[in-house]
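Reader: I would like a close look at one part of this protein. Please take the salt bridges, and walk me through how the charged side chains pair up.

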Amino acid sequence: MYQWLPDYNDPLAEHYGYMRELFEGAVEQGETYSFYAANLQRKYGADGADYMAKWRDVTVDRMLNWGFTCLGNWTAPEFYDNQRIPFFANGWIIGEFDQVSSGDDFWAALPDPFDPRFRQRAAATVSQVKNEIKDTPWCVGIFIDNEKSWGRMGSIDGHYGIAIHTLGRSADACPTKAVFVELLKTKYTVIEALNQSWQTNLASWADLAKGVKGLTHNSAQVEDYALLLEAFASEYFRVVKQELKKQLPNHLYLGCRFADWGMNPEVVRAAAKHVDVVSYNYYKEGLHPEPWSFLADIDMPSIIGEFHFGALDSGFFHAGLVTACSQQERGQMFERYMQTVVDNPYFVGAHYFQYIDSPITGRSFDGENYNIGFVSISDVPYQPMVDAAKRVNQSMYPKRFRV
């Protein structure tokens, strides 16, 4: 895979690293090498110069020259102290707390927001972000978590997997299940009313608390699945918002960026109750009107957190999630996508993923090897993308406000 790698005594050896665990790949862990960082050292590090400082300056210069108004999610913390362009920060809630499964946990199972330890870890995450951004007014807002597996639309089991799987668990071992039992008690009062509606034969609420499986998904059950799913999601966003606003009251909360495969109506409604801006990652050719008609009911500021286009004419083996036939068409597709964002009155912006191409041999986390950058691994901009960005960024406000 590699024609050359530096000796460990080479000046470029500082760009070796080690991944202790990967999301997926041919190995469970292993050594890494950043060709991009090595190229930055070659390009900007002559005579021992601080090449990373130079790179940061060049990057911000480019963003401003190309007309961008901010740095999006995944902004490197090295840019947090810049005072030339606004940015967005992000945090991950990790640690020891109970989890809940949708049955289709793409990146990971969901945290159980009714577990008190989840609030503790949310507070710790916000505290870490606060320490990183140092309360700078240049930080517009914060994304917490990313593309959670709320459930996939298209089937009852997929859509309402969180409710269905959790109902099958014991309330003694699952805080969310205990809350679900109480919600159903409040709605039905007596177990006989639940049995009549669900067409079940539960002897008592204690039986429900022990776990019920094999439900037929009749209309009453589906209605209750929706109730439970929205309550679950609402608690997640409520807890995160409370902890974020407690420590960072002057920054926007932009949610967790829904993947297009995990933006169930109940969860979007739950997010809208608590976030300042609802965020979506949407890898398509553009925002087709029909899938986004629900925004009128939500009536909230919305933002695209990720989209991209790639092509194979640059020598890559994988173009990306949305494919163009050439670098020229990449720019054209970027421009068309952004126009659909500008034309939608509920959207306040869009963040492109990402600034730099993936390594052609794949990023270490999961092997992603896409030609999706505004710049190559040798830090050379793709001119068609730059030209498209300039056209979009220079014209978006007149187009939006029909000046």
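Author: What follows goes through the salt bridges, pair by pair. The model is a predicted one. It holds 21 salt bridges. Side chains of opposite charge can pair when their charged atoms come close.

Start with K187 and E223. Their side chains meet in a salt bridge, 3.2 Å from N to O. This pair links distant parts of the chain. K187 sits in helix α6 (residues 175-188), E223 sits in helix α9 (residues 219-247), and 36 residues separate them. K187 is partly exposed, at 36% relative accessible area. E223 is exposed, at 53%.

Stay in helix α9 for the next pair. E235 and R238 form a salt bridge at 2.9 Å, N to O. They are three residues apart in that helix, so about one helical turn separates them. E235 counts as buried, with 14% relative accessibility. R238 counts as partly exposed, at 29%.

Helix α9 also supplies K245. D276 forms a salt bridge with K245, and their closest N and O atoms are 2.8 Å apart. D276 lies in the loop between α10 (265-272) and β9 (278-281), while K245 is in helix α9, so the pair ties together parts that are 31 residues apart in sequence. D276 is partly exposed, with 25% relative accessible area. K245 counts as partly exposed too, at 23%.

Lastly, a network. Salt bridges with shared partners join K43, R62 and D379.

Notes
Residues numbered from 1 in each chain as written. Predicted model: local features only at pLDDT ≥ 70, side-chain atom pairs only at ≥ 80, totals over all residues. Heavy atoms only, no water. Salt bridge = Lys/Arg side-chain N within 4 Å of Asp/Glu carboxyl O. Helix = DSSP H or I, 4+ residues; strand = E, 2+ residues; numbered from the N terminus. Buried < 20%, exposed > 50% of the residue type's maximum accessible area, 1.4 Å probe, protein only.
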